[in-house]
Amino acid sequence: MRQKIIIAVSLLLFFLVIYLITKDFFSNHAKNEENPTEYNLAKLRSIDSSQFCYKESRHFKLSMKGLNAIVIDSAYRIFIAGENEVQVLDSSLNKLLDFTTDSTADAIFFSNNKIYLAIQNHVEIYDMKGKRVQKRNPYLNSSFITSLVAENNRLYVADAANNVVLCYNEDGSLKSIIGKKDSLKGEQGFIIPSMYFDIALGQYNDLWIVNPGKHLLMNYNEKGDLRTSWGLASMQLEGFSGCCNPAQLAILPDGSFVTYEKGMERIKIYDQTGKYKCVVAGESDFNSKAINNFRLDAMVNDIATDLNGTVYVVDAVSDVVRMYVKK
Amino acid sequence: MNTTLRAGVVIGLCGVGTLLAKRTLNGKTVWQLDPSKCVQCGRCATSCVLTSSAVKCVHVYEICGYCDLCGGYLKPEVKDLNTAAENQLCPTSAIRRKFVEEPFFQYDIDEKLCIGCGKCVKGCGAFGNGSLQLQVRHNICVNCNQCSIAINCPADAFRRVPENNSNLLKGFTK
Amino acid sequence: MQSKNKMIIQINERMWNRIAICAGIFSFVISILVIANYLQMKRADPVNMKVINTLVERLNQSPKDEQLRDEIRTLDLLSRKAYFTSRWQIRTGGYLLLIGLAIALISLQFIELNRKKQPVIPGEMNEDVLLTQKNSRRWIAAGGITIVGVSLFLAFLSYQELEQKFVVAATPASVKQIRENKQPENNKTPLTNEADNQTVKKTELVEGDTKNGHPVVEEKTRKAIENSETESKDNFSEFRGPGGFGVASQKNIPVNWDGTKGENILWKTEVPLSGCSSPVSWGNKIFLTGASATRREVYCFDSKNGKILWTTAVEKQQETVTQVPKVSEETGYSAPTPVTDGKGVYSIFSNGDMIALDMLGKKMWMKNLGVPENHYGHASSLRLFKDRIIVQYDQKTSPKLMALSAKTGDIIWSTIRPVKVSWSSPIIANTGSRVEIITTADPYVASYNPETGEELWKLSCISGEVGPSPAYANGMLFTINDYSKLAAIKLGDQPKVLWETSDDLSDIPSPVADDKYLFVATSFGVADCYDAQAGTKYWTHEFNNSIYSSPMLVDGKVYLLDRTGLMHIFKADKEYVSISENKLGEKSVCTPAFTNGHIFLRGEKNLFCIGK
Amino acid sequence: MSKKLISIFLFLLLIFSGIDSMAKQRFPKPEFEKKYTVPDTQIPASRALWLEYFDVFMLVICLSVVTWFVLKKRSRLGVLSVSVFSIIYFGFYRKGCVCAVGSMQNITLGLFNTEYHIPLTVIAFFIIPLLFTLFFGRTFCAGVCPLGAIQDIVALRSISLKKWVQAMLGLIPFVYLGLAILYAATSTDFVICRYDPFIGIYRLNASFLMFSIGAILLLMGIFIARPYCRFLCPYGVLLNWVSRISKKHLTITPAECIDCRLCEDSCPFGAIQIPTPEKIRENRFITVKRLMFFCIVIPLLIFLGGWTGSRFYENLSMVNLKVRLANELLMSKNEANESQSIEITTFKSQGKPEEKLYSEASVIVKQFYSGGWILGGFIGLVFGLTLAQLTFVHYQKGYTPNKGTCLSCGRCMDYCPVKKGEK
């Protein structure tokens with residue numbers, strides 16, 4: 001009798017095991033399983049629609065790929081550098097000029113009828129016929145130029161590999177080095193944790209340099225003396241998010257700043273004093289599919305402005321240029 | 001009769017063995033996670049057969065920015081950039097923050113504490129250089145025949161890789 | 001000797017027995033402790049404690065609360081301590097359990113080994129081989145039947161034609177085309193239903209309002225159908241013409257003019273309030289709407305001389321919230337085009353105001369549909385079906401498609417549909433066996449029965465912020481949106497996507513099609529021509545300027561207006577042949593109306609009448 | 001082989017060196033004032049390869065020792081000590097992985113999926129126990145298999161089950177085997193590994209479900225010896241077949257059986273065949289009739305099983321991740337609700353075309369449809385053959401172990417009063 005009970009109980013247990021296994025196997029347990037350590041960035045990423053003061057007026061593709069840098073001159077001509085190629089368009093997007101380069105330019109600038117291109121570690125200068133006029137020697141072979149601007153016989157070059165901005169004379173001779181780390185002068189140098197280091201010319205052709213690691217925009221004179229700076233590190237819209245932002249900078253004709261932040265993708269406007277004004281574009285304006293994926297690159301390769309106050313954005317995900325105008 | 005059958009079985013087994021042996025890789029294969037596919041869903045922390053998962057966060061120092069404001073270490077919107085409990089993003093405070101010099105900090109992962117949830121990986125990817133990445137640690141992994149995380153991974157990021165090439169870290173140079 | 005040996009064994013056995021019992025009890029206690037610990041750890045997971053999280057949230061709100069800060073730190077420390085202690089306890093417990101069990105097992109094995117030496121007295125030989133076998137057979141059969149039964153039952157319960165579903169979901173276009181060929185070609189029939197119904201109305205209003213020279217024979221229904229058709233086609237009464245297909249059945253439309261010099265411009269009249277809405281016509285009346293943030297007006301122009309016959313302002317309605325709707329500069333406060341049926345003209349504005357005026361500008365009825373939650377501003381134009389007005393009201397919360405009585409403004413039916421905000425207008429097409437209202441909005445193209453509002457079919461082939469309306473010709477529907485795709489859908493009982501492409505997608509201009517060709521214009525100034533059936537691209541032409549206006553297909557020509565006001569006229573053919581380019585002298589984003597050999601075109605400021 | 005390896009290595013080196021320069025350019029190191037060396041990212045190595053081969057070596061050693069104990073020494077104590085060693089080595093040290101039971105699935109996957117590179121050790125773990133069984137009986141089960149050993153050690157108060165219960169439960173491993181092979185062949189999952197009951201105990205780390213299954217089986221194993229081996233183990237099926245034609249096998253008596261019946265109750269697995277007296281010989285006519293009956297019934301059973309399997313194929317295929325995802329995606333479309341599972345959001349973020357997923361899923365479902373036929377047919381065949389076998393009475397003299405089901409544990413040997421060399 002006792003044996004029978006034991007056997008019955010054992011067999012019951014055995015069938016229980018089979019039942020448990022079968023149930024576990026055929027049921028979809030992964031579903032509805034919440035992530036206990038969810039790090040929800042959606043709330044941070046979303047931007048209230050009332051904050052937008054710009055809207056996309058149009059966007060356009062070009063007949064080249066890998067759009068990388070853009071600049072607009074006072075005649076509303078658009079200079080765009082793409083994969084081993086540079087194109088110049090007029091305001092109604094007719095192609096004016098198209099020439100190839102040895103390598104993809106990382107930065108482009110137009111001044112005095114000359115097109116300045118930053119090609120890896122050196123600067124190349126082209127004329128408006130697409131002919132290379134000059135190829136300058138690199139500052140150091142290790143240099144990596146991420147941005148350049150030219151003004152009044154000066155050429156400023158941002159070298160992200162050496163954490164300095166170089167100021168050149170017209171003949172290509174080095175005039176001064178801005179932002180070199182110098183503990184005697186109390187100069188801490190630029191902190192560039194990732195390869196984003198942008199400079200721009202302000203309202204009065206003054207030089208603004210992004211110090212991404214410190215979340216600062218710094219204004220220097222040509223001798224390399226710091227005049228003023230502003231910036232706030234914050235996830236909120238008012239500040240610059242992440243480890244090293246803003247990644248791109250452009251300055252509107254009225255002197256207000258257009259900044260692009262990577263990571264939490266947003267393009268914002270600050271007024272002349274560095275006070276946050278509003279948003280030009282947020283993540284939803286770019287390809288939202290790419291947000292979740294592991295990326296080492298930013299979604300926007302460059303931003304620029306024209307005299308009308310239109311903001312031009314090089315969308316790296318869709319490989320288009322987007323134009324934003326005031327609402 | 002039996003002898004013939006036996007001979008048949010032996011030949012069959014050897015046949016299968018050699019057929020498969022031809023396809024084999026010399027050495028062994030291990031499970032590894034591809035960080036470029038990972039979406040940090042948190043299942044690595046819960047699905048591993050080991051209670052403290054064999055998947056850990058690994059720091060690729062080479063691409064770290066050594067920032068003070070680290071998206072992988074600090075919660076968003078912290079006021080002070082310090083190691084206080086309320087500031088740490090990691091649920092098990094497995095990331096150690098070490099001052100190097102102004103303004104650089106070194107971040108190390110304490111693998112004993114890391115549960116592989118990927119929270120810091122997401123933070124680092126969203127706000128930083130992406131130097132924090134999840135990897136299967138093969139000194140902990142028991143190399144199950146069928147990885148139970150792989151079965152639950154929504155991104156299909158797990159696969160068997162040859163042991164001598166078992167590191168799929170991005171930006172890692174050695 | 002023998003007995004001594006036995007003694008040793010016995011002593012040993014007793015000792016082993018005791019050890020086994022002790023170890024067993026020990027293991028049992030440990031296992032219970034471990035399980036309890038495990039459950040406790042599961043329940044209060046210290047790693048992800050809610051208390052701490054809420055405290056941290058509170059700290060975020062009041063960042064200077066030092067006390068709260070300390071509280072968090074202590075709690076965090078405590079919870080971590082507790083967690084690690086339980087982990088250590090479980091680990092140690094596990095080892096202890098293992099050791100205990102191992103000792104118990106070893107001792108029990110020893111006992112077993114000793115016991116085995118004693119012979120067992122065999123019982124009766126009572127096994128009946130045959131009976132056993134019989135029993136076995138029965139039970140195996142029973143087990144087999146159970147397995148078959150259970151699996152069939154489960155299979156029956158959960159059967160859902162998975163494979164079929166997947167195959168359908170993954171069907172490439174070629175397979176669909178084969179099915180397509182089997183469908184009868186019955187889509188060339190005109191819009192009988194619609195026309196049929198209009199005849200009734202026609203009889204009342206021909207004498208009064210329409211004087212466009214077409215003889216109307218009232219007695220014969222058949223002729224009346226034809227007439228009403230030409231009538232309604234001549235009366236460009238809706239946005240993009242009858243049905244909204246972008247096709248006007250006009251002939252002898254001017255191809256040359258110059259707005260700057262006044263060449264071929266019959267008249268131009270300034271429109272008091274601006275708007276993106278396009279003109280519609282009935283007889284010799286041209287209707288237009290305009291609005292600002294605070295004012296909303298409907299205008300009636302005389303088509304002969306451009307005089308404003310009447311202007312009716314929409315008064316503030318009581319139920320209207322005074323709030324000004326949020327609209328983008330480009331959409332404006334009056335983007336939807338009105339619709340007219342010869343008895344009245346029906347308009348809708350960006351704040352949800354709807355007004356019906358009779359042909360003399362007197363208010364028939366008026367209502368507010370609720371300020372639409374639409375971040376660029378409501379833009380979907382009205383459509384007319386029989387005696388009802390179709391409103392596509394795709395706003396953020398409860399987007400819907402409605403049919404309102406043209407006479408009273410009462411809602412006849414309203415279908416709530418789970419779509420995102422859209423700016424496209426519905427079209428009404430007779431697809432052979434039925435008349436359908438076809439709408440486009442993220443995430444699908446959907447068709448509705450105009451009588452009941454029932455959904456007839458839907459296809460998810462569109463997404464994003466849908467602006468362009470669909471085009472329809474010869475049983476084919478074309479939908480397009482930027483960042484989505486251009487899809488050609490063969491209509492019928494089971495609509496199928498015939499082909500699709502994602503080159504040059506439009507976000508504002510709607511496409512237009514005839515039997516052979518599909519023309520697509522994009523806001524960045526590119527126009528494409530496709531083979532409507534096969535989807536092969538015949539040509540692409542880049543215009544220098546951006547285009548917001550939708551192309552119109554008139555008399556074998558495509559009229560495409562760019563934003564600078566330049567009208568590009570080219571042949572509706574497989575090669576791009578430009579006929580002319582005509583300046584308006586004013587920017588424009590509106591779609592022209594074609595009526596009576598004239599073109600009515602709204603510029604930024606003026607309404608133009610172009611004709612010879 | 002080595003040439004190929006070197007070329008692969010060089011290729012990888014090339015790739016990595018390429019990445020190297022890029023990474024350096026992309027992420028400049030901060031300029032540290034102090035002397036600071038960037039710490040190396042630690043990549044701990046996995047278990048050394050030679051240790052894997054050592055496992056194979058240990059397997060062969062253990063098998064040889066157990067075989068020697070069973071066939072030559074006739075020592076139960078010896079078998080038991082090897083069991084303990086197996087539990088310690090293959091169990092607690094090797095954490096029960098890889099085991100011969102699970103290796104079956106790798107073999108199947110390797111045969112069906114050419115992209116899968118099966119390690120040599122796994123092949124060895126699959127083949128060696130089968131070869132030993134082919135010549136010496138199931139000595140692998142006796143004391144080498146860590147799953148069997150742990151159950152064997154707790155089998156203390158065994159109660160013999162009724163023969164028909166054994167016969168019925170004995171069919172479960174066939175179903176399990178069929179399922180395991182189906183899922184391995186479709187690259188879906190390794191079922192046997194997923195529900196390995198004792199691996200959690202060996203790892204001292206497992207989910208609650210796994211622990212409870214293991215604990216239940218061990219608890220009942222005290223009374224019903226080795227429940228997993230007898231009523232679940234799919235590898236046991238293969239060993240059973242092979243063991244039937246084994247060259248040598250454990251014998252209860254070292255010499256000639258004297259029918260003393262002392263060993264009758266000694267086998268906890270009910271694997272001792274009792275001598276059948278001639279007198280109960282059945283009517284020949286009935287036997288023939290029954291045989292004819294089964295000749296018709298077996299094909300019918302195969303068809304019935306196959307048909308049932310083919311009806312059940314959707315449930316079978318829903319275990320597959322891709323099918324599950326495709327189904328969820330389809331469902332979520334119809335429902336149009338906002339909250340989506342991680343799988344769906346992840347899939348959408350990857351930007352893979354949905355059509356591709358659907359067509360892949362439909363291919364897998366199709367595989368499961370034919371798989372369902374084969375699996376069902378196989379189960380039907382097994383049922384039919386078992387039923388047919390049960391109509392024959394095997395006449396024999398003396399007490400012998402059933403070569404198929406005997407696990408060569410050696411318990412019965414101690415009961416035999418006959419000494420070696422005696423007549």
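C:His568 counts as buried because its relative accessibility is 3%, where buried means under 20% relative accessible area, exposed over 50% and partly exposed in between, with a 1.4 Å probe and protein chains only. The model is a predicted one, in which local features need pLDDT of at least 70, side-chain atom pairs count only at pLDDT 80 or more, and totals for chains, interfaces and linings use all residues. Residues are numbered from 1 along each chain as its sequence is written, chains are lettered from A and ligands numbered from 1 in the order in which they are written, and side-chain values use heavy atoms, with hydrogens and water left out.

Helices (H or I, at least four residues) and strands (E, at least two) are DSSP runs, numbered from the N terminus. The side chain of C:His568 makes a polar contact of 2.8 Å with the side chain of C:Glu581, and another of 3.0 Å with that of C:Asp562. A polar contact is a pair of N or O atoms within 3.5 Å; within protein, one must be able to donate a hydrogen and the other to accept it, and residues adjacent in sequence count only if both atoms are side-chain atoms.

Elsewhere in chain C, four strands form an open sheet in the order S7-S8-S9-S10, with antiparallel pairing. Strands S7 (339-340) and S10 (363-368) of chain C each have a single partner strand and stand at the edges, so one side of each is left without a neighbour in the sheet. S7(C) pairs with strand S8 (residues 344-348) of chain C in the antiparallel sense over two bridges; two strands pair if DSSP finds at least two bridges between them. Within this pairing, C:Thr340 stands opposite C:Val345 of S8(C).

A hairpin can also be followed in chain C. Strands S17 (residues 444-448) and S18 (residues 455-459) of chain C pair in the antiparallel sense over four bridges, and C:Tyr448 stands opposite C:Glu455 in S18(C). Six residues lie between S17(C) and S18(C) in this hairpin, and C:Gly453 in the turn has a positive phi of about 85°.

Turning to the interface between chains B and D, the area buried there is about 5700 Å², with carbon and sulfur atoms giving 63% of it. Buried area is the accessible area (1.4 Å probe) that two parts lose on being put together, summed over both. On the chain B side, B:Arg6, B:Arg23 and B:Asn145 lose the most area to chain D, together 12% of what that side buries. The contact draws on 61 residues from chain B and 69 residues from chain D.

One salt bridge is counted between chain B and chain D, joining the side chains of B:Arg43 and D:Glu343 at 2.7 Å, N to O. A salt bridge is a side-chain nitrogen of Lys or Arg within 4 Å of a carboxyl oxygen of Asp or Glu. Between these chains, 10 residue pairs are in polar contact, both residues being at pLDDT 80 or more. H1(B) gives the most to the side of chain B that touches chain D, with 12 residues.

Definitions and conventions:
Contact = heavy atoms within 4.5 Å.
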